[in-house]
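Here are a few friendly notes to read alongside the model. They follow the aromatic rings, one point at a time.

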Amino acid sequence: MNITHAWAAQDAKSKLAPFDYQPRELREHDVQIEVIYCGVCHSDLHQARNEWKNTIFPVVPGHEIVGRVTAVGGHTHKYKVGDIVGVGCMVDSCRSCASCDEGLEQYCENGFTATYNGEDRQTGDITYGGYSTQVVVNEDFVLRIPENLDLAGTAPLLCAGITTYSPLHHWKVGPGKKVGIVGLGGLGHMGVKIAHAMGAHVVLFTTSPSKIEDGKRLGADEVVISKDADQMAAHVNSFDFILNTVAAEHDLNPFINLLRRDGNMTLVGVPENNHPSPDVASLIFKRRSVAGSLIGGIKETQDMLDFCGKHNITSDIEMINMNEINEAYERMLKSDVKYRFVIDIDTLRG
Ligand code: NAP
Ligand code: ZN
Ligand code: ZN
């Protein structure tokens, strides 16, 4: 099979640079995909720099993939050559545990296989992600893209979209609910759009005053500067649900205090170091809860894509060439992304 051109980090301190590899031979249920666009998630940066202490180098990041099917295995039924498809954060799971049985492969009790930095269940080879000219993925972990959606803006739905859709859906966000989204980055801006489309009253919390207008344009009914104590105080005890997407450790108490009785704040950001433990009394006296949430299952990812197709939701993106990825990472660290970088993988084909 053709050699794959990719970009990889060779160790935690190095910049990403060109890296070629030989993809696996197609298995019976495999789909070979020519990558067209790949979104840049903050998790890519965390892993390229080994901030989660589990990176196997070299690492080829990228789990917001859209592309075109170029070949299929002998028993592949779901997709055919020419189909436009997506791949998110997972490429396999055990398929037999209770979570997999429920379509919650992201919580696979035997560990799902990550799109990159994962271990192939048959060969033990390390998986490589979408900063690549092609990927080979089992058909059960490939998604169908609604035809009406712009392809580049669809790529970020495969992680940022599902990671926000899943908890918003799980916690029953909808009309009559007051919902907060913390952080207007890749995940946060999708959270604002999706919560708005679900019919909730949406309040964006941002540390960046320059993002107020964008927050409203993206669907927030109100925008609060989270560092302004007076603005925060005006919302005490009023939220049904808060989705916290911040990528850095921070004090959770100012947000917990905004929850009404029985309100929940769900964390999706995975900072390098843990947040300080929140104040116990403010949880107990109002039966408030703090939860976490991990991406979403395959069926739920398809539901999210169909929901976005119906509501015409895509990500607001800034397209970059492959060789601009290191600069993009630096800008992401400065919260300077509007609101997701997407790599034009054609620039990798040469
Ligand atoms: P991102 O685009 O960099 O956005 C993060 C946003 O958080 C920033 O735009 C900024 O928004 C805010 N922020 C950053 N530093 C902050 C600080 N020190 N204090 C307060 N706010 C700060 O990142 P992303 O791609 O959306 O990812 C967010 C996090 O989710 C990452 O940790 C990522 O690894 C994680 N993630 C988790 C899952 C999951 O399944 N749970 C899936 C994907 C990603 P403002 O400028 O508006 O304040
Ligand atoms: Zn991601
Ligand atoms: Zn499983």
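1. Is Phe205 buried or exposed? In this predicted model, Phe205 is buried, and its relative accessible area is 0%.

2. Do have a look at the ring pairs as a group: the structure holds 7 aromatic pairs. One of them joins Phe19 and Tyr128, whose ring centres are 5.4 Å apart; the planes meet at 80°, which is over 60 degrees, so this pair is edge-to-face. Phe19 belongs to strand β2 (residues 17-21), while Tyr128 sits in the loop between β7 (113-114) and β8 (134-138), so the pair ties together parts that are 109 residues apart in sequence.

3. Now for the surroundings of those two rings. Phe19 has a relative accessible area of 16% and is buried, whereas Tyr128, at 23% relative accessibility, counts as partly exposed. Together with Tyr21, Phe19 and Tyr128 form one aromatic cluster.

4. Back to Phe205, which has a partner of its own. The ring centres of Phe205 and Phe255 lie 5.5 Å apart with the planes at 80°, so this pair is edge-to-face. Phe205 is in strand β11 (residues 201-206) and Phe255 in helix α8 (residues 253-256), so parts 50 residues apart in sequence are tied together by the pair. Phe255 is buried, with 6% relative accessible area.

How values were computed:
Residues are numbered from 1 along each chain as its sequence is written. Chains are lettered from A and ligands numbered from 1 in the order in which they are written. This is a predicted model: local features need pLDDT of at least 70, side-chain atom pairs count only at pLDDT 80 or more; totals for chains, interfaces and linings use all residues. Side-chain values use heavy atoms; hydrogens and water are left out. Rings of Phe, Tyr and Trp (its six-membered ring) pair if their centres lie within 6.5 Å; planes under 30 degrees apart count as stacked, over 60 as edge-to-face and the rest as tilted. Helices (H or I, at least four residues) and strands (E, at least two) are DSSP runs, numbered from the N terminus. Buried means under 20% relative accessible area, exposed over 50%, partly exposed in between (1.4 Å probe, protein chains only).
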